[in-house]
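Here is a friendly briefing to read with the picture open beside you. Take it topic by topic, and look for each part as you go.

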Number of protein chains: 2
Amino acid sequence: MELEQLRLFLAVAEARSFSGAARELFVSHSTTSRAVSALERELGKPLLLRRGRTVSLNPAGEVLQREARKILDQAEELKQAVKSSVEC
Amino acid sequence: MELEQLRLFLAVAEARSFSGAARELFVSHSTTSRAVSALERELGKPLLLRRGRTVSLNPAGEVLQREARKILDQAEELKQAVKSSVEC
DNA sequence: TAAAAATACTCCATAGGTATTTTAT
DNA sequence: ATAAAATACCTATGGAGTATTTTTA
């Protein structure tokens, strides 16, 4: 599990669309599709429900969305904290 | 910034050694060296002080060590939470 | 039939190992 | 002289795009 996968998953979860998220991020839709598949494989269960053209979150996806957001926010804060730490 | 880089950085920070951490993780020492270099490049400042055979943390490194630990722990919790979420 | 997701195929970037060089003790 | 870190070099893996197939609304 890598941060980039979480970034892509979140974009898909928020857009409720693989291709929509791909457009927003300027990547191909196969990139969003594979990132989510890889997460599902690693975590051992589906995260999103694909019903025709509709993408929705199942319980595991809801958990991931909530927590992934926190982790990515923290990672961003961390970057800023390091950047503004004293030189040495 | 990716979780794998944080894992490698933490191992180096804790071992106070690039090669020691590499041995623990069963990777080559060039892997630990480059992971830390990449982080330093991305974050815009040195994280570790290399003085001869001694590796120590500077303030930025201290911040990163503390926060990276939290993020990795959270990522681990997240995995467990998803794995134990209800099927759907 | 149109729009989106999955996937096969391909290519290229880069992650990682080995070997070498540099540095400090 | 030795041990560790940096780095040049090379290779293989996997990430990402394109094109195609599948699905369903």
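Two strands pair if DSSP finds at least two bridges between them. With that in mind, β1(A) and β2(A) form a hairpin with 2 residues between them, and A:Gly52 in the turn has a positive phi of about 60°. Helices (H or I, at least four residues) and strands (E, at least two) are DSSP runs, numbered from the N terminus.

This is a predicted model, in which local features need pLDDT of at least 70 and side-chain atom pairs count only at pLDDT 80 or more, while totals for chains, interfaces and linings use all residues. Residues are numbered from 1 along each chain as its sequence is written, and chains are lettered from A and ligands numbered from 1 in the order in which they are written.

**Chain A as a whole**

- Chain A has 4 helices and 2 strands, and along the sequence they come in the pattern α-α-α-β-β-α.
- The C-alpha trace of chain A spans about 55 × 25 × 20 Å along its principal axes.
- Chain A has 88 residues, and 32% of them count as buried; a residue is buried if 20 or more other C-beta atoms lie within 10 Å of its own, exposed if 12 or fewer, and partly exposed in between, with C-beta atoms placed from the backbone.
- Two residues are in contact if their C-beta atoms, placed from the backbone, lie within 7 Å.
- Among the contacts in chain A with a separation of 6 or more, 47% are between residues 24 or more positions apart.

**The hairpins**

- In chain A, strand β1 (residues 48-51) and strand β2 (residues 54-57) run antiparallel and are joined by 4 bridges.
- A:Arg51 has A:Thr54 of β2(A) as its bridge partner.
- In chain B, 4 bridges likewise join β1(B) to β2(B), and these strands run antiparallel.
- B:Arg50 is partnered by B:Val55 in β2(B).
- The hairpin of β1(B) and β2(B) has 2 residues between the strands, and B:Gly52 takes a positive phi near 60° there.

**Helix α4 of chain B**

- Helix α4 (residues 59-83) of chain B has 25 residues, which should span 36 Å at 1.5 Å a residue; its end C-alpha atoms are 36 Å apart, so the two values agree.
- The expected span used here is 1.5 Å times one less than the number of residues in the helix.
- Buried residues of α4(B) include B:Ala60, B:Val63, B:Leu64, B:Ala68 and B:Ile71.
- The buried residues of α4(B) pack against α3 and α4 of chain A, and against α1, β1 and β2 of chain B.

**How the two chains meet**

- The contact between the chains takes 25 residues from chain B and 26 residues from chain A.
- On the side of chain B that touches chain A, α1 and α4 of chain B each supply at least two residues, and α4(B) gives the largest share, 13 residues.
- That side of chain B has 14 nonpolar, 4 polar and 7 charged residues; Ala, Val, Leu, Ile, Met, Phe, Trp, Tyr, Cys and Pro count as nonpolar, Asp, Glu, Lys and Arg as charged, and the others, Gly among them, as polar.
- A:Val82 sits in helix α4 of chain A.
- Why does A:Val82 count as buried? It is because 24 other C-beta atoms lie within 10 Å of A:Val82.
- A:Val82 touches B:Leu43, B:Ala60, B:Val63 and B:Leu64, not counting residues up to four places away in sequence.

**The symmetry**

- A rotation of 180° with 0.0 Å of shift along its axis superposes chain B on chain A, with an RMSD of 0.0 Å.
- That is the relation of a two-fold axis.
- The same surface serves both copies, as 100% of the contact residues of chain B recur in chain A.
- Copies are superposed by least squares on the C-alpha atoms of residues with pLDDT of at least 70 in both.

**Around the DNA**

- A residue is near a strand if its C-beta atom, placed from the backbone, lies within 6 Å of it.
- DNA strand C is surrounded by 17 residues, and the closest are A:Phe18, A:Ser19, A:Ser30, B:Ser28 and B:Gly52.
- α3(A) gives the largest share of the surface near DNA strand C, 4 residues.
- DNA strand D has 17 residues around it, of which A:Ser28, A:Gly52, B:Phe18, B:Ser19 and B:Ser30 come nearest.
- The largest share of the surface near DNA strand D, 4 residues, is from α3(B).
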